[in-house]
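Good morning, and thank you for making the time. I shall present one model today, beginning with a single residue and then moving out to the helices around it.

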Amino acid sequence: MARKTGSSGVETARDIRAAALSLFAEKGYAAVSMREIARRVGVQVGALYLYTQDKQSLLADLMIAHMEDLLAAWGREDPQSTDPLARFDAFVGFHIRYHLTRVDEVFIAYMELRSLTPENFARVERLRRLYENVLQDILIAGVSANSFRLTDPRVTTLALIAMLTGVNTWYRAGGRLSPERIEEIYRDMAHGLIGAEP
């Protein structure tokens, strides 16, 4: 398919990222070639290198953008409450809502970590740690305030994030449960993990 005349560089860059995201999620990073990405966008394969260094850079950019967007979105939604349970509930709801609307990004962010070079892995891991630390700090504050009862904030943080992110593996829009009801159920389960009163 030929590229439309007059397409801007910004649009082409956006289309390349969208095509890479879709193909990586559909087939897996290792199975996708730059030629296939170019074909999906409608450009010659050589044109891709005007926008990205290589396929690895595309993957890293997608994963870093996902984590940066996640952190920025939480920064806008964080209630900054001094009540640890209120802030915890806000985090749980935010995490579920954010991730349910970005299925491909979430899938790639977790399943393709193994495909990153060590340097790119370190960049993504630093951002993941920043996000995990948000929840860990909430848990520590809750323990200090005698609002939460848990043994190890770090382990509980990792268990909670795995549980909350796991909703993407089974949720389907239009199913029996609304996103709001799923939030309620997960919030109740999360309260159990941190020993909080319902």
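Is threonine 165 buried or exposed? Threonine 165 is buried, because its relative accessible area is 8%, where buried means under 20% relative accessible area, exposed over 50% and partly exposed in between, with a 1.4 Å probe and protein chains only.

Let me state the conventions. This is a predicted model, in which local features need pLDDT of at least 70 and side-chain atom pairs count only at pLDDT 80 or more, while totals for chains, interfaces and linings use all residues. Residues are numbered from 1 along each chain as its sequence is written, and side-chain values use heavy atoms, with hydrogens and water left out.

To return to threonine 165, this residue lies in helix H8, residues 153–165. Helices here are DSSP runs of H or I with at least four residues, strands are runs of E with at least two, and both are numbered from the N terminus. Setting aside residues up to four places away in sequence, threonine 165 touches His95, His99, Val106 and Tyr110; contact means heavy atoms within 4.5 Å.

Now the overall picture. The protein has nine helices and zero strands. Its C-alpha atoms fill a box of roughly 60 × 40 × 30 Å along the principal axes. Of its 198 residues, 44% count as buried. Among contacts with a separation of 6 or more, 67% come from residues 24 or more positions apart.

I turn to helix H1. Axes are lines fitted to C-alpha atoms, for helices over the stretch in contact, and angles run from 0 to 180 degrees between N-to-C directions.

The buried residues of H1 are Thr12, Ile16, Ala19, Ala20, Leu21, Leu23, Phe24 and Ala25. An α-helix has 3.6 residues a turn, so residues three or four places apart point the same way. The cover over the buried residues of H1 includes helix H2 (34–41), helix H3 (45–48), H4 and helix H6 (103–111). After H1 comes glycine 28, with a positive phi near 95 degrees.

H4 also meets helix H7, residues 118–144: their axes come within 9 Å and cross at roughly 20 degrees. H4 and H7 are therefore roughly parallel to each other. Among the residues making this contact are Met63, Met67 and Trp74 of H4, and Leu127, Tyr131 and Ile138 of H7. The buried residues of H7 pack against H4, H5, H6, H8 and H9. Just after H7, asparagine 146 takes a positive phi of about 60 degrees.

Finally, where is valine 167 placed? Valine 167 is in the loop between H8 and H9. At 0% relative accessibility, valine 167 counts as buried. Leaving aside neighbours within four places in sequence, valine 167 is in contact with Leu100, Ile182 and Tyr186. Valine 167 and isoleucine 96 are 71 residues apart in sequence and 7.5 Å apart in space, C-alpha to C-alpha. Thank you for your attention.

Notes
Parallel < 35°, antiparallel > 145°, perpendicular 65-115°, else oblique.
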